[in-house]
Amino acid sequence: MLYTSTRGLAPKLSFADVVLTGLASDGGLYVPETFPTLTPSQIKAMRGLEYTDLVVAVMTPFVGNDIDQSTLKRLAIEAYFPFRHQAIAPLKQLDKNLWLMELFHGPTLAFKDYALQFLGRLFDHLLLQRGQRITIVGATSGDTGSAAIEACRDKDTMDIFILHPHGRTSDIQRRQMTTVLSSNVHNIAVEGTFDDCQDIVKALFNDAAFRVQHNLSAVNSINWARILAQVVYYFWAALHLGAPEREVAFAVPTGNFGNVFAAYVARKMGLPITLLGVASNRNDILTRFFATGTMQTTAVEASLSPSMDIQVSSNFERLLFDLYNSDGLKTAQAMQAFRQTGKFSVSTSELALLQQTFVAHRLNDLETKRMIADTYHRTGELIDPHTAVGLSVARQIQAQHPELAIISLACAHPAKFPDTVLAATGITSPLPDFLADLLQREERVTVCKNNVDDVKAFIQRHVALH
């Protein structure tokens, strides 16, 4: 299995090299040359597998000969052992044909744990095998950072630098990052938005000399292994509801488009997914795109669901490359226009093709609180604001397709957003015991200006300590 860049100019790489490289040298994102497809009988044979065995079954076609199946199984067991639910990704039925998939049972209480707990161990395995050390640089709007730090802390094979927008995460999200005092962990609060953080990270990767000097790698969902690890839980949910004989839909709260692209990959592999619901908050660039065919940035606005406060959905490039029939030049031109003007459009026929699979919906803050309250009063379930945004598009799909099995992703534990949940329901959702003292723990973080050179200098100073 070889991987190619969405912009067509970077060298093709194996799975292991793609994991350690992250962003392609031409600025594109790596995708498989061809997507492996499974027959209905092959998918049916996956029923009843333990989650860790399903990891091996789903990932093996993408990994090729780079990692043997016994090693994949070991990495999966180690990754998901810390999860606090035996089902790993349990399904909870809300009504006749609507389920929540709870993706907050990992160590940082968010869906990012599913990919990053695996990726941290995968990094370590490959680096020990090669006798190498890397510098991981990532940007977070709230949850990726803590999940990445938890997965990479205390490992001798890597330093990790996480950028987050100063003052734009919840207190709990911030403290889950800044209270990890391991010597290889470095938190940078950038005086800007998440998109600014993401731009700085991309600029660091596009600086060839700096990238080579410090052996940069990525934990953001620009890293293909992140996407691949998330594909697994879409198979897990669909199989439990009767796939391949039963078709399903997924409702996905998303900002960076990585999580919903993983569902799209599962669909390309043959999983019977009828529709993918793309849920946005007031930063609704994706909703506007799927309605009009034009992607156009506006100012990022703070919302009750901060992990989705994004206007540049970096993973959308992978979908665009697929839409353009793997035309790297066309994809690169669209991305260049978007970078220069903040806008690009697809054709009417291309939009119509996407609309056969994707439906999109937005929820503002008031509607988010109403959805949290309504869900609690109807089902007794407390949900976080990101999950509420996802349920909005799930309800929309349900109204139009009442007999379709719909799985809405519960992406974070409600305790991560206690003020919003309390305001909506009058109920406080406490942190689990293992995080009960989080607000009293010592923090370590450096505030930086929204400037590539300042961040670069910080990284150089701290990597030099090793």
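How many nonpolar, polar and charged residues does the lining of the second largest cavity have? In this predicted model, that lining has 5 nonpolar, 2 polar and 2 charged residues. The residues concerned are Ser 141, Pro 165, Arg 168, Thr 193, Phe 194, Val 300, Ala 302, Pro 306 and Asp 309, and the space in the second largest cavity comes to about 60 Å³.

The largest cavity has a volume of about 300 Å³. It is lined by 26 residues, and those closest to its centre are Phe 111, Lys 112, Gly 255, Asn 256 and Ser 307. Helix H10 (224-240) and helix H11 (258-268) are the elements that each contribute two or more residues to this lining. By class, the lining of the largest cavity comprises 9 nonpolar, 14 polar and 3 charged residues.

The aromatic side chains form 25 pairs. The ring centres of Tyr 233 and Tyr 234 lie 5.1 Å apart with their planes at 45 degrees, so this pair is tilted. Tyr 233 is buried, at 0% relative accessible area, and Tyr 234 is buried at 0% as well.

Phe 290 and Phe 358 are stacked, because their planes stand at 25 degrees, with ring centres 5.0 Å apart. This pair links distant parts of the chain, as Phe 290 belongs to helix H12 and Phe 358 to strand E14, 68 residues apart. Phe 290 is buried at 5% relative accessibility, and Phe 358 is buried at 2%. Both belong to one aromatic cluster, which also includes Phe 257, Phe 261 and Tyr 264.

Charged side chains also lie over aromatic faces. Arg 84 is placed over Phe 434, at 3.6 Å from the ring centre, and Lys 456 over Phe 210, at 5.5 Å from the ring centre.

Methods: Residues are numbered from 1 along each chain as its sequence is written. This is a predicted model: local features need pLDDT of at least 70, side-chain atom pairs count only at pLDDT 80 or more; totals for chains, interfaces and linings use all residues. Side-chain values use heavy atoms; hydrogens and water are left out. On a 1 Å grid over the protein atoms alone, a cavity is a set of points where a 1.4 Å probe fits but cannot get out, and a pocket is an open set with protein on both sides within 12 Å along at least five of seven lines; lining residues have an atom within 4 Å of a point. Grid points are joined across faces, edges and corners, and a volume is the space filled by probe spheres set on the points. Helices (H or I, at least four residues) and strands (E, at least two) are DSSP runs, numbered from the N terminus. Ala, Val, Leu, Ile, Met, Phe, Trp, Tyr, Cys and Pro count as nonpolar, Asp, Glu, Lys and Arg as charged, and the others, Gly among them, as polar. Rings of Phe, Tyr and Trp (its six-membered ring) pair if their centres lie within 6.5 Å; planes under 30 degrees apart count as stacked, over 60 as edge-to-face and the rest as tilted. Buried means under 20% relative accessible area, exposed over 50%, partly exposed in between (1.4 Å probe, protein chains only). A charge sits over a ring if NZ of Lys or CZ of Arg is within 6 Å of the ring centre and within 35 degrees of the ring normal.
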